[in-house]
Amino acid sequence: MKKVHKILILVLLLSISVSLCNAVSAATTVAPSSTASIVSISKGFTVSLKHVDIVSNETGANLVFTLTYNNNTSKSVTLSDYWPKAKSRSGTTFTTKVSSDDKSFDKLSALTSHDITYYSKVSTTTKITDISIDIVKWDFGATSYERRLGTIVIPQGYTNLTAAFQPKNITFNNAAIKTAIKGITANKDASYYNINIPFLLENITNYSVNISNMKFFIVNGRGATYDVVSDDLKNLTIQAKERKIVTLKSAIPITAFTSKMKLVASQSVEADKIDIPRGAYVLPQAKTVSTDVVQYRDYEIKLVGIKRLPWEFQDTVTAEFRLKNKGAVSTTVPSIKSDVYVNGVKLSDNTSTVIFPEKSLDILPQSETQMYVNFKLPYTMKADDIKISLFETNNDQKTAIGELSTKDVNKFTSNTSNVIQSNIVGNRSELRVINSIIQNVNNKKMFYADVELTNTELRPNASSQYIGYLYDASGEYYRVNVSQYKKAISAGGKALISVWGNVPLNFNPVQWKLILGNAVTGQKLSAGEDIPDGGVNYGLININPKEASALQTLEHIPYSAYDLTIKKIRSYLAAEGTGVNGIKLEFSYDLIKDLKIEGASEDLGLLLEIKNNDDIAYSFTKELKVDNADTPNSLKEGQGNTKSIVFEDTDVIYKINKYNDFKLNVYIKSGDQKILIASKAIKWFVENP
């Protein structure tokens, strides 16, 4: 009995002790300085706020913060015993996750420190100063089994910005990097400020660090975000104590170029699909220089930008101009030709083509028309400086207009509306990706997308051909195929075209971008059976292709502009005379077209595959197309249609061992590429519903 009393007294004392500990630690809130705050977890073991930011993206916003754990004790510490909980001023607690790059780090050795980054999904209206961060620990004697050790409070007036031209040490891939903006220049064209920023990256550690996953973006005074690119960062490794100056480039629309802007350096974490800010810098005022405008008679000619993209074994280069009639009367389109200088060396005569793609005979007063200069370069040639010399010809007389130049190429601004607007007069249209998928096959990624093409002209119009590219954050461009819709589309009407192609497996799956432009042949837009030799009027949109996942049914298969259902399937061995010449497949089908779509490209096929379920597993295929004709390889719109097709093969009886069942696979087929979209097991010789 005395032993029981002693145990009860001991339990009571322990409960009182735990309650006192909870009361003391719950009252521990450390007010931060202007850059960080510190919570004392135990004697010699602290956690401090190193960096905090809110990053906007297409799905909302993420609170991203980095905590420094500092162990000045003689023993190692297990970090998984502690975690942060971010919450708003109103008391809302946000789900906090640790960055995938930091998940594996758990033991903090004695007399060392380590940074851990966390992120939380927050509202787009959340401000940094609305946030506080509780540091908690497991405690099974406390309410909810956790004990708050302290709170990091972010004060009013907090800023994570580094002043212009001032250095800032950041942690990147577990290395200390000294950074700073070293200057800024801007070239203003008709639509954008094209910014160049020399940026310092100095490795102040004693080991090398790979910087290739460092990303930058610019945020203007209204919170809008703009991509920053740099060829210097590709595969960049900085050796110990090495100093590098990289050139950062961005294109900011003129209407978005505000007085208060910041540059953010971040680390891309593909596993989490987030960018972790590592440093933020006040963007200084830039001196604007313009070498992209010339005045000629009543014309103002502006060089809008240059695009350099792959074209077979070369690169195609497109210089885009706007030619404005500043006079009081209409003028005809002048006869302009061009010479091209690359790195100060003139290309051979007649190697560039001047293109006026718009269907207009004259230019109205104070109106403008589009003009392009296209030429080819070896893909291995580095073009640091491109100059376009324009001149007018009249009866063999050559009159100089002016020389326009730029060192910046491939300035694309992402379109958040998911629509590319083609504003070429006479061929105005909108392109919208409505579906995109990828599939990994044979050490490559296969890409496919359905693109809705809308005629925005006031009259029916036969669309020009299009060319396309896929582009990722590494700076690589890959040419893709674009099908053609050859019929006229009514005013405001829609048609469906397809985009498909292959890219390497290491193509960045986080940031897919699709570029589409009007194809040209010679000096005009490509149409009909023309073979394109270049492109103009490129637009870019961000896309998010999904991994292809085949339906396990043959009902309501999405195929181009149609909904396809295949039913009442029966298979036979096809006989010819006394022999067998293949497999006969009979079925009923419904092929229902989307009424909003006038038609779809004829280039897209539907591939049926019979793959037998035996040890040989031989496959028999047949390609079909929608053309509403009563031919062996055609499908027609409507409900309750029937079809009988033969998979010809005189050796079929040697390729099938068992006649139990087979897989009927349905593929989208574009060129030599196929993507599985539906599959179902079918029994031989009987009707399958």
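**Exercise 1. How many residues lie between S2 and S3 in their hairpin, and which residue in the turn has a positive phi?**

Before we start: this is a predicted model, in which local features need pLDDT of at least 70, side-chain atom pairs count only at pLDDT 80 or more, and totals for chains, interfaces and linings use all residues. Residues are numbered from 1 along each chain as its sequence is written, and side-chain values use heavy atoms, with hydrogens and water left out.

Step 1. Two strands pair if DSSP finds at least two bridges between them.

Step 2. Look at the turn. Two residues sit between S2 and S3, and Gly 44 is the one with a positive phi, about 85 degrees.

Step 3. Check the pairing. S2 and strand S3 (residues 45-57) run antiparallel and are joined by four bridges. For instance, Ile 38 stands opposite Ser 48 in S3.

**Exercise 2. Work out the order of the strands in the open sheet, and find its edges.**

Step 1. Carry on from S3. With strand S4 (residues 60-71) it pairs in the antiparallel sense over 12 bridges, and Val 52 has Phe 65 in S4 as its bridge partner. S3 and S4 form a hairpin too, with two residues between them.

Step 2. Now write out the whole sheet: five strands in the order S2-S3-S4-S9-S7, with antiparallel pairing.

Step 3. Spot the edges. Strand S2 (38-42) and strand S7 (96-98) each pair on one side only.

**Exercise 3. Is Asp 134 buried or exposed, and which side chains does its side chain make polar contacts with?**

Step 1. Locate Asp 134: strand S10 (residues 131-138).

Step 2. Judge the burial. Asp 134 counts as buried because its relative accessibility is 9%; the label means under 20% relative accessible area, against over 50% for exposed and in between for partly exposed (1.4 Å probe, protein chains only).

Step 3. List its contacts (heavy atoms within 4.5 Å). Leaving aside neighbours within four places in sequence, they include Trp 83, Pro 84 and Arg 148.

Step 4. Pick out the polar contacts (N or O atoms within 3.5 Å, one able to donate a hydrogen and the other to accept it; residues adjacent in sequence count only if both atoms are side-chain atoms). The side chain of Asp 134 makes one with the side chain of Lys 87 at 3.1 Å and one with that of Thr 151 at 2.6 Å.

**Exercise 4. Where does pLDDT stay under 50?**

Step 1. Recall that pLDDT is the predictor's confidence in each residue, from 0 to 100.

Step 2. Take the chain overall: the mean is 87, and 92% of residues reach 70 or more.

Step 3. Over residues 1-36 pLDDT stays under 50. Where pLDDT is low, the predicted coordinates should not be read in detail.

**Exercise 5. Which residues have the most contacts inside the largest nonpolar core?**

Step 1. A nonpolar core is a set of buried Ala, Val, Leu, Ile, Met, Phe, Trp, Tyr and Cys residues joined through side-chain atoms within 4.5 Å.

Step 2. The largest has 41 residues, and Leu 585 and Val 666 have the most contacts inside it. Strand S50 (residues 579-593) gives the most to this core, with five residues.
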